[in-house]
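Subject: Structure handover

Hello,

Here is the structure for you to take over. Please look through it first; my notes on what was found follow below.

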Amino acid sequence: MKKKFLLQLWVSILLIPLGIAAQSPEATINATLSGIVSDEKTREPLIGASIQIKGTTNGAITNADGKFYLKTGQKLPFTLIVNYIGYDTREVLVNTNTIEIRLLANAKQLSEIVVVGYGTQERKNLIGSVSKVDPSEVSAIPVGSFDAQLQGKVSGVQISSPTGVPGETVNVRVRGATSINADNDPLYVVDGVFVNSNSLQTISTGGKSSSPITDINPSDIQSIEVLKDAEATALYGSRGANGVILITTKRGNFDQAPKVNFNASYGQAKAVKLWELTTGPEHAQLVNEWWINTGKDTPSLNRTEANRPFRPVSEGGRGLPEEQQTYDRLGEAFRTATLQNYDLSVTGGTKTTKYYIGGGYNDQEAILKPITFNRASFKVNLDQKINERVQVGVSNTFTRTYRNQARAGDGPQGGLLQAALHTPTYLSPYNEQGVLVGRAGFDNLTLLLENYDVNSTSLRYIGNLYAEAELLSNLKLRTSWGVDYNNYNESEYWNTFLLLGAQGGLATSSISQFSSLLNEQTLTYRKKFGTKHSFGLIVGNTLQSDVLTRTYAEGRGFANNSFKIISSAATTTSTQSWSKSNLASFFAKADYVFNSKYLVDFSLRADGSSRFGADRKWGYFPAVGGAWRIKQEDFLKDVKFISDLKLRASYGIVGNQNGIGNFAAQGLWTGGAPYQGNPGIAPQQLANPDLRWEKTNQFNIGIDAAVLEGKLSFELNYYNKYTRDGLLQLALPSTTGFANYWSNAAEISNKGFELNINSVNYDRGGLTWTTSFNIARNVNNIEKLENPLRYGSRELILQQQGTPLYSFWVYKQLSVDPQTGNVVYEDVNKDGQITVADRQIVGSIWPKFFGGLTNNVSYKNFELSAFLSFQYGNKIYNHNKFFGEGGGARDAARIIFASNNARWQKPGDITDVPRPDGVNVNNYRDGGSRWLEDGSFLRLRSLNLSYNLPKEIARKLRADGLKVYVNGTNLFLLTKYTGLDPESSASSEQNAQGIDLGTPPQPRSYQVGISVTL
């Protein structure tokens, strides 16, 4: 920001004589013109913009308020040429004496400043693959965290929201997944602080987990950069295998008058659709058919037409099917949720001080009762010049995040959607005495909603203190201290009305404390030699220490439901844990540019981790890259059609240690092994002194091009990643006394391409239309894995050598026999039987391609933005439908999905839904491919319409700017998936993705808002 501001000021100073000369009093004056130049999106004034009358030397420069004034001998109308660094040049026809001109920021301008590892670069000098996102483009999307807002915005970064519950974990994969058991999440860096992105949640919410990233208020973010290839991430060494996301928060400017910004929005959200269930009569008829069919298949069960469950009451039955009522539980579980957000900030600065102070409050109800999420945040960034050579500063973020949580995933007890969705529609919530009771092994939904008591509170501080000194004119030293502290307090209470608390009540409490201390030093040297040579060097070191402590307590048996504190329980148990890891790093990077055409750099980082074996602690991660700015060659310099053309290539090695235990290589003993009432110790973990870094080699080649004066630009990348020494937990024979141990036993590859296209389609007469499109493909494969590994519910996910990660392992259904109504499965081993040996891999969660499309249209004071995200070719397992059609593992009373109405009923019926015959017998075999569906989709992620009040009217209201807007999200979804949401997943565990069970969908929402600048 400082560099850009000084550059703009310097340009202004250089061009002032032009303005003075152009306004010579001796010239004939035929017209005067005054106006303001501002940013097309933010409406902020642009300081130092150049305005020139076309065909003349007459012009002016905008002042600190973005205003200009000129006199001219030209008569109206005439055309202005308006220029500003980092923005598209505009030609504007002038017919009046006053005008407001808005310039559109061009994300692909060569002079755009991009944040990279430990510094910034102009885009024209980038060698690595780096994507930059303007947070203002997606800030109105009502989700808990900024990473969810980025879906479809960054090529090669696959982001999915597996649940419609705000504040829960979002899956982010940068160029695929590189590990089975180690972490696949990218590294998040906020103002130089490496922040924790692993959930601290311990209490079960049905497989889901809360996201620590939601502790960051998106309104505080200035820019987001995603580093994707090895050249861009190499300085982060052991942390860069899964990509790096750099977050730069807002700061003030020197010599800036105080500016106050206020933004408020309010909206509502609701489910687009819910599951279509059978009516009570339809459900009863299905149960009768199931009863009779299983009796025919197994005569010993003695199930016949005569003793079917739904027969006349006079015959001892429950009444005929047509006599049954229909009870709607889904309508009781879901609601129209409210959304509200408020942000207030003040920025400014003097000649030696600049500041940003911001506060925010976000409150969201989930569409599934009684879940809520709210976040209160406070942000202070301060920079102070000590003198011309020394500057110090701090960044502080304080956040309190509260969640009223619930089990919105797998698991029968306490499961909201299990109680609403899997309870038979013909069953009344009341028993014969008129008392609310649970049914079919699930909680009573009304009692569950009235007595749910599961919540968590996260207190988070992320801070950074730095000092920067210019030792020589080309040599700069920077030192910084960073802190990430998170206190995560969660509790739950299940009273005697609920299944989990049926035996006198159950209460649990867990307090987790995570702290990370970071110290870094960097020494940067940059020098230009003559007009053709530029050299840069950065060396530095990092010291980091992470500590996690956790205390868990549980109480059972309370005198009555008024007692909820664990100390009031008849029986209490507790556990406590502590772990620590240290990381020491040294790094260096050298770069050289010749004649603004040829660029090359080399970097090396060494990381020493306490998690590995004594002789394996250090890992070394080099990278090299080069670029050729072909446009600067003589044979292209004068080709006006081509604005820019650059070829890039890089190769490097990065590492991974995240996701394994802090003491993974060590042999551990536990003291919790009493013997005959006496304290004792026992072995807990087998040592592996040879445990070493997981390493990923990556090659990247790319081309950047722009034509038509930059109005059409594209970026194309091809990459090839190969991971060796994959960190993996291997099973051990039970005779060893250990279940498993950590090892390096896997190899995984990812290869693919990314394409970005940006265009200015129309820019004339106050109407501007721009388009941004990105598409990517990633091919994942397990290259080496000695023994297959099974994950997910019913072992639906199989990791096996020669197949992609997260592949579905199923019985492949070929058809339904029209004569018998039985399913015909593929007999893989041809033994005449359908057994587990016939399960096979059919598809995976990886799409064939994915991306996003954004169109922005502005006309005078109106702006319209439409953002679509898409993916094609991936699979998703509809486990809801399996239970809804097959009855699940308990009984056939839960055959309640309306899709059962298309079942086979008589010889000659052609359908893919077989006759009801019980669970795991044949027709409703768990793991059948009938419930494996196409997860492709096209989603209108966001549609935003805004109006900016004219400056003259805003000033009368004592405001510099005022904008009102309406925003809609998830307004339409095109998909073949028969569930509610093709992104849904029952679990946050990385090896169990793509299985949809008991998960609320992403809602459709509408918001209205106002933004005021004073």
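Helix 4 covers residues 280–297, 18 residues in total, and reaches 26 Å from its first C-alpha to its last, close to the 26 Å expected at 1.5 Å a residue. Of these 18 residues, 13 are buried, so helix 4 is largely enclosed by the rest of the structure.

Please keep in mind that this is a predicted model. The average pLDDT of the chain is 90, and 95% of the residues score at least 70. Residues 1–27 have a pLDDT below 50, and this stretch has 28 contacts in the model beyond near neighbours in sequence. Where pLDDT is low, the predicted coordinates should not be read in detail.

Nonpolar side chains in soluble globular proteins tend to be buried together. In this model the largest nonpolar core has 34 residues, and Trp 275, Phe 334, Leu 368 and Trp 494 have the most contacts inside it. Two or more residues of this core come from each of helix 5 (330–333), strand 18 (337–349), helix 6 (416–421) and helix 7 (445–451). Helix 6 gives the largest share, five residues.

Leaving aside residues up to four places away in sequence, Phe 334 touches Ala 271, Leu 274, Trp 275, Ile 367, Leu 368, Lys 369, Leu 417, Pro 1000 and Pro 1001.

Strand 13 and its partners

Strand 13 (residues 187–190) is covered on both faces. Leu 187 and Val 189 are buried on one side, and Tyr 188 and Val 190 are buried on the other. Strand 13 pairs with strand 16 (residues 244–249) in the parallel sense over four bridges, and Val 190 has Ile 247 of strand 16 as its bridge partner. With strand 14 (residues 193–195), strand 13 runs antiparallel, and three bridges join the two. Here Tyr 188 stands opposite Val 195. The hairpin of strand 13 and strand 14 has two residues between the strands, and Asp 191 takes a positive phi near 50° in this hairpin.

Strand 1 (residues 31–39) and strand 7 run parallel and are joined by six bridges; the bridge partner of Ile 36 in strand 7 is Glu 100.

The other open sheet has four strands in the order 36-37-38-41, with antiparallel pairing. At the edges stand strand 36 (789–791) and strand 41 (840–844); each has a single partner strand, so one side of each is left without a neighbour in the sheet. The twist in this sheet averages 40° from one strand to the next. Strand 36 and strand 37 (residues 797–799) run antiparallel, joined by three bridges, and Leu 789 has Gln 799 of strand 37 as its bridge partner.

Regards

Technical notes:
Residues numbered from 1 in each chain as written. Predicted model: local features only at pLDDT ≥ 70, side-chain atom pairs only at ≥ 80, totals over all residues. Heavy atoms only, no water. Pairing = 2+ DSSP bridges. Core = buried A, V, L, I, M, F, W, Y, C linked by side-chain atoms within 4.5 Å. Buried < 20%, exposed > 50% of the residue type's maximum accessible area, 1.4 Å probe, protein only. Contact = heavy atoms within 4.5 Å. Expected span 1.5 Å × (residues − 1). pLDDT = per-residue confidence, 0-100. Axes fitted to C-alpha atoms, helices over the stretch in contact; angles between N-to-C directions.
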